[in-house]
Amino acid sequence: MLKTLNSPTMYLICGAIVLFVAGVSVFFMVRAWRAGIAIGMDKTKMKRTITASATFSVLPSLGILLGVIALSGALGTPLPWLRLSVIGALHYETQVAEAAAEAAGLSGLSVSEMTPRAFVTIAFLMAVCIMWGMVFSVFFNKKYLKKLSAGGAKTAKAGGFGDAAMTAMFIGLVSAYIGSYIGSFVSEKGLFTFSGSWIPLLVAAVSAVVMALFIWIEEKKKAEWVEGFALAASMLAGMAAAAIAAAL
Amino acid sequence: MEEKKIILTEEEKAKNFEAYNDRTHVIGRVVCIITLILLTGVPFVMGAFLGAMPDFKAVGRGFLSIGIVYFVSCIAEFLVYTPMLGAGGTYLAFITGNLINMKIPCAMNARDIVGAKTGTAENEIISTLSIATSSLVTILVLAAGVALLIPLQPILQNPALQPAFDQVVPALFGAMAYKYYRKNIGTAVWPLLVMSILFMLVPSLTGSTSFMIIPSGAIAILIAWMKYKKS
């Protein structure tokens with residue numbers, strides 16, 4: 001079964017869609033670049049955006065590649081490759097694939113029980129579960145943004161709360177994750193036993209310290225170029241700390 | 001030869017941007033619809049090749065058990081991320097996925113580097129450039145990775161590296177936390193405190209951290225709003 005799932009035809013089907021989406025990304029990039037020039041934006045700013053985004057994306061992409069490898073044992077390589085290149089997210093796909101396998105009547109996500117019917121059922125369910133962001137965008141993106149900018153225009157008179165709200169939302173997002181690491185450490189193995197996993201906390205702390213160091217270099221030494229690599233390098237340091245901590 | 005510099009009036013800039021934005025919605029919608037058709041069509045094309053069709057009863061059961069959860073979380077994602085990413089960025093981000101672990105921090109990072117403000121034309125361009133770049137990098141890394149899967153597998157799955165790759169998200173949020181907390185510690189302390197206590201008291205909530213972003217974000221916005229009113 002795995003041999004069929006890894007056959008060239010399957011690669012071709014998935015590869016065609018990945019190629020389409022790559023084309024879409026290039027198209028959006030070129031359009032945004034041209035529009036940036038048309039509204040008089042600084043080219044160096046746009047170039048910095050591209051380099052910073054590219055360096056930042058390498059590490060999470062390697063993490064996603066691991067997701068492909070993890071799923072490829074049961075689903076073959078082409079389908080996970082497609083799902084994780086195009087729409088899916090690392091933490092969703094594995095969960096959905098597992099649940100879909102159960103719904104398809106398998107005892108879990110395993111290659112030994114996989115049948116063609118179960119496979120296409122899983123593939124379809126994965127598509128249906130994680131497509132709503134696109135569906136909402138088709139119907140509501142324009143209206144929603146219009147509404148926001150109308151509301152924004154009102155608050156803009158008072159100095160513009162929109163920017164502060166976005167920063168606050170992101171702080172909330174980060175805080176939910178950091179809070180979950182603290183909570184797991186304290187109560188994962190029984191309420192207030194302080195014996196849960198401390199690795200995520202250590203990793204977050206190390207990458208925060210390295211980030212602080214980069215910001216210090218950038219501000220004190222006026223080394224602006226550092227900023228483009230700071231996030232990727234901080235993450236690398238945090239991840240290295242996890243590998244070292246596990247080895248000890 | 002000296003490059004000729006075109007100087008635009010504010011009016012011309014606004015007009016150019018408006019035209020760009022209108023086209024973005026048209027293109028974004030069309031591309032989303034095509035991608036949706038392709039993605040939901042793939043299982044049937046594969047099915048034709050494998051000689052089997054999806055079991056719709058199982059799909060229905062599966063959707064009721066897990067799909068509903070993602071449906072609700074997609075509503076939340078759409079509401080939260082659309083204003084962060086702007087029009088072009090949102091279409092592209094929902095097509096290419098991996099929002100929380102990559103696209104959102106990537107766009108926020110780019111935005112910080114160039115100092116773009118929410119809702120501005122500059123922010124729209126920067127976020128689209130950032131997300132498009134990020135998507136291309138993922139596509140390239142995955143394509144290269146899949147092509148080199150056999151030689152790469154032992155390296156990537158090396159037990160010594162496994163713990164590092166399990167911690168991509170904490171590494172990301174640790175660095176981002178420092179960057180954002182240091183300038184907004186008054187706003188950050190409350191959601192962090194409330195979330196920490198909540199996760200300590202109900203550890204099972206860690207399975208739904210992506211939902212907890214909403215109350216956590218609401219607390220942060222509330223505090224920011226109170227500070228804003230005060231000032």
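Visitor: Which element gives the most residues to the lining of the second largest cavity?

Guide: This is a predicted model, where local features need pLDDT of at least 70, side-chain atom pairs count only at pLDDT 80 or more, and totals for chains, interfaces and linings use all residues. Residues are numbered from 1 along each chain as written, chains are lettered from A and ligands numbered from 1 in the order written, and side-chain values use heavy atoms, without hydrogens and water. In chain B, α2 and α9 (209–230) each supply at least two lining residues (helices are DSSP runs of H or I, at least four residues, numbered from the N terminus). The top contributor, with 5 residues, is α2(B).

Visitor: How many cavities does a search of the whole structure find?

Guide: A cavity is a set of points on a 1 Å grid over the protein atoms alone where a 1.4 Å probe fits but cannot get out; lining residues have an atom within 4 Å of a point. Points join across faces, edges and corners, and volume is the space filled by probe spheres set on them. At 30 Å³ or more, the count is 3.

Visitor: Which elements give two or more residues to the lining of the largest cavity?

Guide: The largest cavity holds about 120 Å³. Its lining has 17 residues, with A:Ile87, A:Tyr92, A:Ile130, B:Glu77 and B:Leu99 nearest the centre. The elements are α5 (90–103) and α7 (132–157) of chain A, plus α2 (56–96) and α3 (99–114) of chain B.

Visitor: What is the volume of the second largest cavity?

Guide: Its lining includes B:Glu77, B:Tyr81 and B:Phe211. The volume is about 90 Å³.

Note on methods: On a 1 Å grid over the protein atoms alone, a cavity is a set of points where a 1.4 Å probe fits but cannot get out, and a pocket is an open set with protein on both sides within 12 Å along at least five of seven lines; lining residues have an atom within 4 Å of a point.
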